[in-house]
Amino acid sequence: MAKTAPEGLITALDVGSSKVSALIAQKADDGQLVVLGTGQRESRGVKRGYVADMHATELAIREAVEQAERIAGFNIEDVWVSFSAGGLLSDIVKLEADLGGHRVEQADIDELLKAGRDAIDPQGKMILHAQPTRYTVDGLGGVKRPLGLHADKLGVDIHVVATEGSPVRNLDHCVRSAHLEVRSIIAAPVATGLACLSEEERELGVALVEVGAGVTNVSVFAAGVLAGLASIPMGSADITDDIASALGTARNWAERTKCFHGSANLSPRDNHEMIDVVPAIPDGGAEGPRVTKAQLNAIIRQRLERLMAEIQKELKKLGFADPVGRQIVLTGGGAELKGIADYAQQALGSAVRVGRPKGLIALPEAHAGPAFATLAGLARFAAADPIDLRALEPAPHQMVTKASAGALFQRLMAAFRSNY
């Protein structure tokens, strides 16, 4: 019989279009995360990142968490959950307060953050993140710890991520219906970036492309934070569907064949290697057709060509227009396709590497690939326990003397009152 979880245990839950996965980790005395148990189930109730069948989603969540609990030997009560559907918006809101030249005290920082909480308006969206990233002292940016410095003006950059409320509430309801408390719902690109990108990469500027089953999330990081993101309603499951449709076979066979025989690259040998196709509807015991590996890969590349064109379009919109010297990190289940990094490098004109989760001890090999980057990132996000302005009390008075003129959000209070 599983025991009650000890203090400090972290449970991450990634609810995707193809799988629901759970991870239980314990923060060691040295700060490192040790994985105690993992679980995974097929996702049948999520389409393109959105909950389409609450009962099926709840069942998959319950089974994935129970599997992780059996391995870890603990019963858990609360989880950190990913949200990967489209419609995510990311923005940096800048605020500044007049200090009159005295030394920065903790009370000054607290009041500035509380003012920041009141100075953002999601315009009907639901806030997932509202976190201070960097401070400015008399216009000098990039200050991580202003405490103790003398300043005439103290400013802060607040990173805000928002989305439509209904899809988040549907996800929240499914998790709670599985008798789990939701600690927080995290935007998947934020978590994935923690798992796959180094601090230096996030500082210098990097694009993170997460190819999921039904959704491809494109994120651009700069100055250490998520600077912009976009979602493309296309993913690796579309490649599987293309194979199944073109060859007249079942999805399960198409998925296995894509994983074992498929590649984004072409080779002369592909014209000679044959694959026996299993028809979706067997024809009286007759042998199924045979196709060359080259034919299979041609189907794969046709879909990849469309996907890369969409990724390139979104990268340009996000200001990642000049690829020279810029790196793209490819992750998600679609990044496990053979040769996809080389193909993406040619198609996008940037250096491309495959991003795998890092920073966790005893992570099982089966969960150490790019398909589980978001899951690992959720655990790291929870362990870091970042400041969230939504938890602060309203400011007693307005300190703000300047706000960013072009910010998408101007005031946040209404969202906090209506937040789930």
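The largest cavity holds about 60 Å³ of space, where a cavity is a set of points, on a 1 Å grid over the protein atoms alone, at which a 1.4 Å probe fits but cannot get out, and where a volume is the space filled by probe spheres set on the points, with grid points joined across faces, edges and corners. The model is a predicted one, in which local features need pLDDT of at least 70 and side-chain atom pairs count only at pLDDT 80 or more, while totals for chains, interfaces and linings use all residues. Residues are numbered from 1 along each chain as its sequence is written, and side-chain values use heavy atoms, with hydrogens and water left out. By this rule the count comes to one cavity of 30 Å³ or more.

Lining residues are those with an atom within 4 Å of a point, and for the largest cavity they include Val 15, Val 46, Tyr 50, Phe 83, Pro 167 and Leu 171. At least two lining residues come from each of β6 (50-51), β8 (78-83) and α3 (165-177), helices being DSSP runs of H or I with at least four residues and strands runs of E with at least two, numbered from the N terminus. The lining has seven nonpolar, three polar and no charged residues; here Ala, Val, Leu, Ile, Met, Phe, Trp, Tyr, Cys and Pro count as nonpolar, Asp, Glu, Lys and Arg as charged, and the others, Gly among them, as polar.

One contributor to that lining, β8, is mostly covered, with five of its six residues buried, that is, under 20% relative accessible area with a 1.4 Å probe and protein chains only. Strand β2 (residues 9-15) runs parallel to β8 and is joined to it by two bridges, and two strands are said to pair if DSSP finds at least two bridges between them. Within this pairing Trp 80 in β8 is the bridge partner of Ala 12. Strand β13 (residues 181-187) also runs parallel to β8, through six bridges, and Val 79 stands opposite Val 182 of β13.

Elsewhere in the chain there is an open sheet of five strands, in the order β16-β15-β14-β19-β20 and with mixed pairing. Its edge strands, each pairing on one side only, are β16 (225-232) and β20 (351-354). From one strand to the next the twist averages 20°, angles running from 0 to 180 degrees between the N-to-C directions of axes, which are lines fitted to C-alpha atoms. Inside the sheet, β14 (residues 206-211) and β15 (residues 216-222) run antiparallel and are joined by six bridges, with Ala 207 opposite Val 220 in β15.

The open spaces are described as pockets, a pocket being an open set with protein on both sides within 12 Å along at least five of seven lines. About 1,400 Å³ lies in the largest pocket, which is lined by 45 residues, with Ser 17, Ser 18, Ala 213, Ser 236 and Ala 237 nearest its centre. Two or more lining residues come from each of several elements, among them β14 and α6 (236-247), and α6 gives the largest share, six residues. This lining divides into 14 nonpolar, 16 polar and 15 charged residues.

The second largest pocket contains about 1,100 Å³ of space. Of its 34 lining residues, Pro 132, Thr 133, Leu 194, Gly 224 and Pro 386 are the closest to its centre. By class, the lining of the second largest pocket comprises 16 nonpolar, nine polar and nine charged residues.

How values were computed. Buried < 20%, exposed > 50% of the residue type's maximum accessible area, 1.4 Å probe, protein only.
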